[in-house]
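Dear colleague,

I am handing over the structure we spoke of, and below it you will find some notes on what was found. Please read them with the structure open.

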Amino acid sequence: MTDGRALAREFLEQQRLLGGDSVILPELPGAPQPPAATHPASRIPSPDSPPPGISYDPPGGDLFSNDPIPQLVASCTKCRLCEGRRHTVPGEGAGDARLVVVGEGPGRVEDETGRPFVGPAGELLTKILGAIELPRERVFICNVVKCRPPENRLPQFDEIAACVPYLFRQIDIVKPKVILAMGGTAAQTLLNTKQSLGALRNLMHRFRGIPLIVTYHPAALLRNPNWKKPTWDDVRIARRLID
Ligand code: SF4
């Protein structure tokens with residue numbers, strides 16, 4: 001049986017590290033020490049591929065020092081998805097992005113690279129963003145869960161519940177003008193609903209006051225090209241909301 005006090009302590013500690021309100025906790029003997037709030041590596045952009053986490057161009061700014069999420073995710077074992085992962089995929093993109101794209105979870109290529117939306121579905125997303133004149137590097141791209149579900153199955157409820165504080169904090173930091181939820185898992189998680197993707201499309205929702213548009217996941221478009229036209233329609237609505 002897990003000690004309830006230890007669980008509560010762990011939860012409050014995570015909230016604090018994610019930037020929530022300060023919590024004063026008495027020390028417990030043998031309690032694990034929290035990881036450092038920042039890691040210098042998160043501030044060093046690679047010339048070949050951006051590091052996970054929030055980037056900011058021109059370099060500098062408080063967003064770097066306020067972004068503990070890649071480090072927290074890298075050591076996270078809060079759900080069973082940690083067991084099969086090769087890399088965590090916290091998300092990447094501009095810290096001042098006007099658009100946040102949220103998908104479901106990492107696939108095989110994402111798990112191998114640690115980057116979100118790479119591989120065929122990622123290439124399609126890059127084309128979609130290009131078509132609305134939003135270069136990929138000016139968008140923040142992430143997923144609901146940060147570790148790959150085995151065999152690309154849907155993330156389960158308890159896995160989403162464990163991981164979603166990271167996503168919520170990312171959105172709080174970036175403060176986009178619009179959120180694009182791609183696929184049913186992203187839409188249902190952000191809107192806290194069980195409604196189908198079909199029922200959620202063609203409406204402007206809000207997440208914590210931010211306009212949110214629901215559309216198909218690029219991987220679904222690769223399987224069913226008939227959904228490309230409605231996806232373009234959705235993305236154009238998102239673009240209009242940004243302008
Ligand atoms: S999916 Fe999220 S909650 Fe689960 S281990 Fe990975 S980072 Fe932690």
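The protein's secondary structure comes to 10 helices and 7 strands, where helices (H or I, at least four residues) and strands (E, at least two) are DSSP runs numbered from the N terminus. This is a predicted model, in which local features need pLDDT of at least 70 and side-chain atom pairs count only at pLDDT 80 or more, while totals for chains, interfaces and linings use all residues. Residues are numbered from 1 along each chain as its sequence is written, and side-chain values use heavy atoms, with hydrogens and water left out.

Of the 243 residues in the protein, 47% are buried, that is, under 20% relative accessible area with a 1.4 Å probe, counting protein chains only. Among contacts (heavy atoms within 4.5 Å) between residues at least 6 apart in sequence, 69% join residues at least 24 apart.

Helix H10 (residues 228-242) has 15 residues, which should span 21 Å at 1.5 Å a residue, and its end C-alpha atoms are 21 Å apart, which agrees; the expected span is 1.5 Å times one less than the number of residues. Within H10, Pro 230, Thr 231, Asp 234, Val 235, Ala 238, Arg 239 and Ile 242 are buried. The buried residues of H10 pack against strands E3 (99-103), E5 (178-182) and E7 (210-215), and against helices H5 (119-131) and H9 (218-223).

With regards

Conventions
Buried means under 20% relative accessible area, exposed over 50%, partly exposed in between (1.4 Å probe, protein chains only).
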